[in-house]
Amino acid sequence: MKSNRNLSRAEGRRLGNAALIAFMLGSLLLLSVIRARFSPIGKTREAIKAEEEQQGTLTKGSVKLETADEAAASTAEEEEEEESHPKAADTSGGGGGGGVSTSTPAAAGATVDRPSKQVCYETSRRSDTCEAAGDVRVQGRSQTIHVSPLDHEWKVKPYCRKHDAFAQSHVKEWTLRPLFTGAASPPPPQCTVNSSATTTAFVLSTGGFTGNLFHDYTDVLIPAFITAHRFAGEVQFLVSSFKSWWTNRYLEIFQQLSKYEVIDIDNDDEVRCFRNVVVGPTFHKELGVDASKTPPPGYSMVDFRAMLRGAFGLERATAVPSGDKWDIRRRPRLLIIARRGSRAFLNERAMADMAMSLGFDVRVGEPDITSDVSKFARLVNSADVMVGVHGAGLTNMVFLPAGAVVIQVVPYGGLEWLARGTFKEPSADMQIHYMEYMIQLDETTLSEQYPKDHPVLKDPASIHKQGWDALKTVYLDKQNVKPHLGRLKITFMEALKLLPHGQQQANNN
């Protein structure tokens, strides 16, 4: 009897547990229905926006896109992360400096939905671009572009270094503003210069770090090519923070990309009217073009370099020797990029003599801000091998013929990452062979400036941890180099083997 009572109690508990489980499952089902009704998950952006507007949750104000700071040279990890995230604008409130901003921000913690047609967007971590079509009226002196149709203001700084606050402090901000034509609106600015319907206005800045050869190309000229190439000349450059000496220096490049004169837009009194406008060039990577991100059929650094050859009248597309085996021009030419001040070769003459003993026709060039770009480009284009210490002068590799060799001499101090991001990685897209010569402790003048046990010599990583300024001051600004001729000779011989000259000689032997 007692056993029967125990069985009854156990059975009752099982029934009670089953009922409890059934109640919990029913509650979860009910909650799912409620969530599906009120949660934004699964709804269209338009539906969410409509509900927010009805509930009065959207507020007016200004929003900036969030941006992340980057080092001057991109690391492989940053590039991989950038590839894994879409280049869509982040419209969350309270973003970082230098990004695109609109006139309709969210309240703290809220987000603002984009208009049906995005006007300004983040094209990379380094660049923001605005594109608009319709009735476009450019007032240069006020850095204002009136556009119809446009539903609210957008602001952007048209220079490809948005992560760098110092560079951006030298770049003027431009505003895209709705062109109101209603009775209560102020009269729109009247056109004084009308462009053809096929011409696109392209606003970019030459503020920032222009004047440094590396930044001229990676921040301005290559991004300008990326943006303007698709217009096949039907684009007019409206240059903000205009520097006449700088624009004249690269005028041949602008003339390759545009059929029209370059305008100093900040000092322009006209109201220039177009049907299309682009504000801000697009950045892809250091000294590079990502063909997969360009409009079909796509274009690359090969096309950029072809454009340079056309701009400066460069004869050599590839590093091939002369057909006449007795012609002195058949000798491979080696160009030494000289520097004065920091990172100079202290045994430049001896380097040249050693190279000549290997059969090189040696030239020495020292590019600077006063160099004639066209003349120096022709010198570089005549070379088969170019060697130089890490620095802006190596940017001249853009003029080397395909199949040539660039040798980057990397200063002492753990700077492999900097060498990789600035010149090593770009070389492949330029179809150039890349080599490195690493300066050792007994080849640097730093060994004469610091005791043997000083962290500068023994622990470069500790100097890196102090930040870019400390690193630059010690390893870039205070260092000159004296490569061992024996080690360097091996490097030059390896370079020779990579050239058609060396391969032809090997075949003859």
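How many salt bridges does the structure hold? The structure, which is a predicted model, holds 25 salt bridges.

**First stop: the disulfide of Cys120 and Cys130**

A disulfide is a covalent bond between the sulfur atoms of two cysteines. A search of the whole structure finds two disulfides. Please select Cys120 and Cys130, which are joined by a disulfide with an S to S distance of 2.0 Å. This pair links distant parts of the chain: Cys120 belongs to strand 3 (residues 120–124), Cys130 belongs to strand 4 (residues 127–139), and the two are ten residues apart. Turn the view to look along the bond between the sulfur atoms. The torsion about the S-S bond of Cys120 and Cys130 is about 110°, so this disulfide is right-handed. Cys120 has a relative accessible area of 0% and is therefore buried. Cys130 is likewise buried, at 0% relative accessibility.

**Second stop: the disulfide of Cys191 and Cys273**

Next, select Cys191 and Cys273, whose sulfur atoms lie 1.9 Å apart in a disulfide. Cys191 is found in the loop between strand 7 (174–178) and strand 8 (193–194), and Cys273 in strand 12 (residues 271–279), so the pair ties together parts that are 82 residues apart in sequence. Is the link of Cys191 and Cys273 left-handed or right-handed? With -95° about the S-S bond, the link is left-handed. Cys191 has a relative accessible area of 28% and is partly exposed, whereas Cys273, with 6%, is buried. With bonded cysteines counted along the chain, the disulfides follow the pattern 1-2, 3-4.

A further cysteine may be selected here: Cys160 is buried, with a relative accessible area of 0%.

Rolling a probe the size of a water molecule over the atoms shows where empty space is left. In this model, the count comes to one cavity of 30 Å³ or more. The largest cavity holds about 70 Å³ of space. To display its lining, select Leu213, Tyr217, Arg249, Tyr250, Pro367, Ser371, Val373, Phe376, Ala377, Asn396 and Phe399. Colour the selection by class: eight residues of the lining are nonpolar, two are polar and one is charged. Which helix gives the most to the lining of the largest cavity? Helix 10 does, with three residues. Helix 5 (213–228) and helix 10 (373–381) each supply at least two residues of this lining.

Select Arg333 and Asp361, whose side chains meet in a salt bridge (3.0 Å, N to O). Arg333 lies in strand 13 (residues 333–337) and Asp361 in strand 14 (residues 361–365), so to speak distant parts of the chain, 28 residues apart. Both Arg333 and Asp361 are buried.

Asp361 counts as buried because its relative accessibility is 13%, while Arg363, at 33%, counts as partly exposed.

Move to helix 16 (residues 485–498), where Lys497 and Glu494 lie three residues apart, about one turn of the helix. Lys497 forms a salt bridge with Glu494, the closest N and O atoms being 3.5 Å apart. Lys497 is exposed, with a relative accessible area of 53%, and Glu494 is partly exposed, at 36%.

Finally, select Arg126, Arg161, Asp219 and Glu286, which are linked in a network of salt bridges.

Key
Residues are numbered from 1 along each chain as its sequence is written. This is a predicted model: local features need pLDDT of at least 70, side-chain atom pairs count only at pLDDT 80 or more; totals for chains, interfaces and linings use all residues. Side-chain values use heavy atoms; hydrogens and water are left out. A disulfide is a pair of cysteine sulfur atoms within 2.5 Å. Helices (H or I, at least four residues) and strands (E, at least two) are DSSP runs, numbered from the N terminus. Buried means under 20% relative accessible area, exposed over 50%, partly exposed in between (1.4 Å probe, protein chains only). On a 1 Å grid over the protein atoms alone, a cavity is a set of points where a 1.4 Å probe fits but cannot get out, and a pocket is an open set with protein on both sides within 12 Å along at least five of seven lines; lining residues have an atom within 4 Å of a point. Grid points are joined across faces, edges and corners, and a volume is the space filled by probe spheres set on the points. Ala, Val, Leu, Ile, Met, Phe, Trp, Tyr, Cys and Pro count as nonpolar, Asp, Glu, Lys and Arg as charged, and the others, Gly among them, as polar. A salt bridge is a side-chain nitrogen of Lys or Arg within 4 Å of a carboxyl oxygen of Asp or Glu.
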